[in-house]
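Subject: Structure handover

Hello,

Here is the structure I promised to pass on. Please open it next to this email and follow along.

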Amino acid sequence: MHFHDPIVRPQTDVDSLFIEVTAGCSHNTCTFCNFYEDTPFWIAPLEQIEADLQEAKRYQPYVKNIWASGGDPFVLSADKQIAVWDLMRRYYPDARITTYATINDIKHKTVDDIKRIKEHGLDEVMIGIESGDDDVLKAVNKGYTAADILTECHKLDAAGMTYRMIYLGGLAGKGKLIESAKKSAAIFNQIHPYYMMYTNVAILPGTKLYEQTKAGEFVEATERERIEEVRELVADLTIPITINTMTSTSSVTFVTTLPEERDVTLQRLDAILAEFSEQDERVLQARRHSMRYV
Ligand code: SF4
């Protein structure tokens, strides 16, 4: 199998067959991200993808899920993607195929393009939306606005492409998380992701955010504030969605399905906040500050 390091994927998809479609990220300038610092964006040739599918098929004739690996394979044109998904379908006609997409990748596709992509085998996308707050999106250089999130996700909805999303807690900085969560929820309530991976920012050496933090231009939120932020999202989201915070960077870990489990989740978070001590704060901050990669 061919892979450029690192392989980045959601925890929920670890049991998938990984097939490299791209390497690196076509954007690669978010201020907090060091995933692909040593991996320039690259597109796998169809011959490589087919060789990997042939090899995989020998050892795993049946797989339930395929993760099309790379920072954002959805950046490829509709025609290029269709060639990839057709190939995957030839070897694994029944597998569920998923990959990463960015909001900017969707901008370059029409609803018709997305419909064709879906018809040829891509079942759903995972989008690192991170935030619905324009101030945050601009500050971390995501390259799109909250209005773009609405426009592009509505295209996915119109095309029948299901999608999950990633939210990055803590990104607004100290004192601003609740307001940012409120703004984000107002945007997410107008789109239809059915699942949210809720991660939290760590200041990683080598990133622009690390330099901004050292220069005092960004002030990290406390761990308590991060729990209050996720509580706000749980309280404010009105769409049916599962929130999964089971990541190494989370201040509190849980999986909850809204709206059914909203009340019990809010009660549990309130209980955690009521007992949250300075010692808890120190332990969680120390763990976060020891991170070099997430
Ligand atoms: S956060 Fe996502 S879009 Fe931004 S640089 Fe990292 S991989 Fe690329």
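Which helices each supply at least two residues of the lining of the second largest pocket? They are α5 (134-139), α7 (177-188) and α8 (208-214). Helices here are DSSP runs of H or I with at least four residues, strands are runs of E with at least two, and both are numbered from the N terminus.

Some ground rules. This is a predicted model, so local features need pLDDT of at least 70 and side-chain atom pairs count only at pLDDT 80 or more, while totals for chains, interfaces and linings use all residues. Residues are numbered from 1 along each chain as its sequence is written, and side-chain values use heavy atoms, with hydrogens and water left out.

**Pockets**

A pocket is an open set of points on a 1 Å grid over the protein atoms alone, with protein on both sides within 12 Å along at least five of seven lines. A cavity is a set of points where a 1.4 Å probe fits but cannot get out. Lining residues have an atom within 4 Å of a point. Points are joined across faces, edges and corners, and a volume is the space filled by probe spheres set on them.

The second largest pocket holds about 310 Å³. Its lining has 18 residues, and Ala139, Leu171, Ala172, Lys176 and Phe218 are the closest to its centre. By class, eight are nonpolar, three polar and seven charged. Nonpolar covers Ala, Val, Leu, Ile, Met, Phe, Trp, Tyr, Cys and Pro; charged covers Asp, Glu, Lys and Arg; the others, Gly among them, are polar.

The largest pocket holds about 840 Å³. It is lined by 41 residues, with Val8, Phe35, Tyr100, Glu130 and Ile166 nearest its centre. Two or more lining residues come from each of β5 (96-101), α3, β6 (124-130), β7 (162-169) and β8. The lining has 21 nonpolar, 15 polar and five charged residues.

**Cavities**

There are two cavities of 30 Å³ or more.

The largest share, three residues, comes from α9.

Start with α4 (residues 111-119). Asp113, Ile114 and Ile117 are buried there. Buried means under 20% relative accessible area, exposed means over 50%, and partly exposed lies in between (1.4 Å probe, protein chains only). The three cover an arc of only 95° around the axis, so they sit on the same side of α4. That arc is taken from the directions from the helix axis to the C-beta atoms. The buried residues of α4 pack against α2 (78-91), α3 (103-107) and α6 (146-159). Gly121 follows α4 and has a positive phi, near 130°.

Now look at Leu273, in α10 (residues 262-275). Leu273 is buried, at 9% relative accessible area. Which residues does Leu273 contact, leaving aside its neighbours within four places in sequence? They are Arg224, Ile227, Glu228 and Arg231. Contact means heavy atoms within 4.5 Å.

Best wishes
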